[in-house]
Amino acid sequence: MTSALWQPGDESQNSQLANFWHQARDNSGQPLPDYPSLHRWSVEQPAAFWQQVWDQCGVIGNPGDTVLTTGKTFQSARWFANGELNYAENLLKRNDSHTAVISVLEDGTRSEISYNALRVAAGKVAAQLQAAGIKPGDRVAGFMPNRIETLVAALGAAWIGAVWSSCSPDFGVSGVLDRFGQIEPKVLLACDGYHYNGKWIDLGERIEALHEALKPELFIVVPGRGDSSVVPKALIWGAWLEAAAPAPDFVRLPFNHPLFILYSSGTTGQPKCIVHGAGGTLLQQTKELHLHADVRATDTFFYFTTCGWMMWNWLICGLHTGATLVLYDGNPAYPNTGRLFDLIDAEGITHFGTSAKFVQAVEKSGLCPKDSHDLGTLRTLFSTGSPLLHESYDYLYQQVKSSLLVSSISGGTDIVSCFALGNPMLPVYRGELQCLGLGMDVAVFDDAGKPLADSKGELVCRSPFPSCPVSFWNDPDGQRFHDAYFARFDGVWAHGDYAQLVPHAHHQGLIIHGRSDAVLNPGGVRIGTAEIYRQVETLAEIREAIVVGQQFDGDVRVVLFVVTAEGVTLDEELQARIRKAIRQGATPRHVPAVILAVPEIPRTVSGKIVELAVREVIHGRPVTNRNALANPDALNHFAQRIELEK
């Protein structure tokens, strides 16, 4: 048995999860001696569990008299069918001078706002939206960097029951229109520029084009520098707010009233517009932040994200805990990979979130944060976006902080939350997510739909959960929604992750081996791409890699593309070392038939590598939506390299 990298101390008995666990014992009359028993109770008694989450996490609103009404299908289940709440009222329930949000931009600009000032600002947005005739259900779209104004606008929209949707400003016009064009926003909020990688990126032409194409009833521009903007036909944020009437009352609406519209990556077609309800989003994320993350009112919570990634929606729900949020906009590695560690020390961050790829980049840069930084306040490090490599766990504990709770989490835009999370009361094992989320009936299925105890298979959720999307936009009969999640296993949510449960003496961990649709199948043997990345990306000569399966001679061959470190050539000796590392660290079946060098890896705007797009390109098939990529021209390298190899 592998030894734990981290063990909970006595202080874990004072965690919010421990308090919840004690209350669950009292409420259920069951001993619930370990986490699996607590988790089992949470999925077998969903009404009791979610009502306790509502009560103990301090949700404001009226839950009604029925927690769960089951339907004929998974997606027809109704949560708190008679309940009402308002998302903004919940996030703004703390109303004092405590700092709510600190905003830091790449150029060093820093600003902050207190809880009571945040409430006033969001109330002004609500008043102005109402005055403009915006009603519950109308869409408010933000083409914005990650800064305080974006959060204020989202809260103001939620205040009156409008639906918020955002894209980060690194999207091109076509990519934004692929998203906002479908939902037809009545309001467009945009920033006229932002800082990235030491440069000022002017957005004037882009937002004029968006205004012309979308024709919103209300067009507001946030000046990126100073208080003025040269964008024509736009209201200026500051002056628009100052003209506001007194804040209206919070509009409490049904539990499932739409709150956010998020988008799938859109790399294989037009992005799906995923509608999330206010109650499900709030209840699910509140459970995760209070119980699994143990974020408290005295904490400072940061996640590196843009407004185009669901982790922004997860981060802002941290206001419900009463903590201080830290927003950062810019390149997280500018001017060097120590930038965000500087931020930890400067702002006293206790909970720090990032991506697995960022952790790898910091390690490859040679930075040793435990020597270069204090990190005295840091307790928890969250990682998501892709599987956190086993070796990255080693790096975090050896070179960052040995007492750190490394909380690798996994879920997605589809559920605006997580299926697997961290836990302040369980040990951390190398390469594993600590536990299944409370209230989430997660299992791993084989191809026949049978649960697997400790083998690789499809990650599924067998029972309804509150943050299941309300719908897809423009999907009147629900067919696209059904096909996305329920076509694989009847009545069971199939999430699209290739995963494996890991049994321990007193709990169950989880390993994510990659996306199911990117699984390789040479000789009929299923291989998760993460298993190959784990071996390749530990080599100092390799900066990053992407692996796909190619139809070849009646079978599938594994093709590995690598970006080498500066000054390194992919010669026969390096290829041999790559193959040896994969063979020794995985199996001979994992060894690629072909290894090719490319100058860059294509990514979505949110930073995820796009294995499916590369797979289409090397088979000579079109990639239908290159607008979803941050660097679409990178795909050309793969077509050229695979052609040379034929």
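In β19, Phe382 is the bridge partner of Gly353. This is a predicted model, in which local features need pLDDT of at least 70 and side-chain atom pairs count only at pLDDT 80 or more, while totals for chains, interfaces and linings use all residues. Residues are numbered from 1 along each chain as its sequence is written, and side-chain values use heavy atoms, with hydrogens and water left out.

Let's stay with that strand. Helices (H or I, at least four residues) and strands (E, at least two) are DSSP runs, numbered from the N terminus. Strand β18 (residues 351-355) and β19 run parallel, joined by five bridges; two strands pair if DSSP finds at least two bridges between them. β19 is also parallel to strand β20 (residues 405-408), with four bridges joining them, and here Ser383 stands opposite Ser408. Together with helix α15 (residues 390-400), β19 and β20 make a right-handed β-α-β unit: with the strands pointing away from the viewer, the path from the first strand over the helix to the second runs clockwise.

How enclosed is β19? Five of the five residues in β19 (residues 380-384) are buried, so the strand is largely enclosed by the rest of the structure. Buried means under 20% relative accessible area, exposed over 50%, and partly exposed in between (1.4 Å probe, protein chains only). On one side lie Thr380, Phe382 and Thr384, on the other Leu381 and Ser383, all buried.

Now for the cysteines. A disulfide is a pair of cysteine sulfur atoms within 2.5 Å, and by this rule the count is zero. Cys307 is in no disulfide, as the nearest cysteine sulfur, that of Cys167, is 9.8 Å away; Cys307 is buried at 3% relative accessibility. For Cys317, the closest cysteine sulfur is in Cys57, 9.9 Å away and therefore too far for a bond. Cys317 is buried too, at 1% relative accessibility.
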